[in-house]
Amino acid sequence: QYGVHVLPKTREHLFIHLNKGWELLRPHVVEIHLNDCNPCTGAHNLFLGQGIMPLEEFTGLVRQSQWDGVVVPEVTKPFAYLESRWLKRLYDKTMSYFA
């Protein structure tokens, strides 16, 4: 069965899996779809920072590896973010992980 609800329920366990995945797949990754989620509630594609994904730790791994690719922030209902203030917040939040 697929879905966010099958992911580990703690930041620590999520990071362990992200770290292993990055070590294995990094040479093949050309694009990262950056999103947040909460496996405890089943919520996915949350605004960055509103879930429990260890995004700071993961993007730290990405920066340390000197990966050079495209980052796509993903959110639920993307058209709701077309209003300029939300789009700017999404851009700023995404950039903060890679600064």
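I take contact to mean heavy atoms within 4.5 Å, and helices (H or I, at least four residues) and strands (E, at least two) to be DSSP runs numbered from the N terminus.

The model is predicted, so I note that local features need pLDDT of at least 70 and side-chain atom pairs count only at pLDDT 80 or more, while totals for chains, interfaces and linings use all residues. Residues are numbered from 1 along each chain as its sequence is written, and side-chain values use heavy atoms, with hydrogens and water left out.

Entry on the helix pair. I looked up which residues join the two helices: Arg 11, Phe 15, Leu 18, Asn 19 and Trp 22 in H1 meet Glu 57, Phe 58, Leu 61 and Val 62 in H2.

Entry on the aromatic rings. I searched the whole structure and found three aromatic pairs, where rings of Phe, Tyr and Trp (its six-membered ring) pair if their centres lie within 6.5 Å, and planes under 30 degrees apart count as stacked, over 60 as edge-to-face and the rest as tilted. Trp 22 and Trp 67 have ring centres 6.1 Å apart and planes at 75 degrees, so I record the pair as edge-to-face. Trp 22 lies in helix H1 and Trp 67 in the loop between H2 and strand E4 (70-73), so the pair ties together parts 45 residues apart in sequence. Together with Phe 58, Trp 22 and Trp 67 form one aromatic cluster.

Entry on accessibility. I call a residue buried under 20% relative accessible area, exposed over 50%, and partly exposed in between (1.4 Å probe, protein chains only). Trp 22 is buried at 7%, and Trp 67 is buried at 14%.
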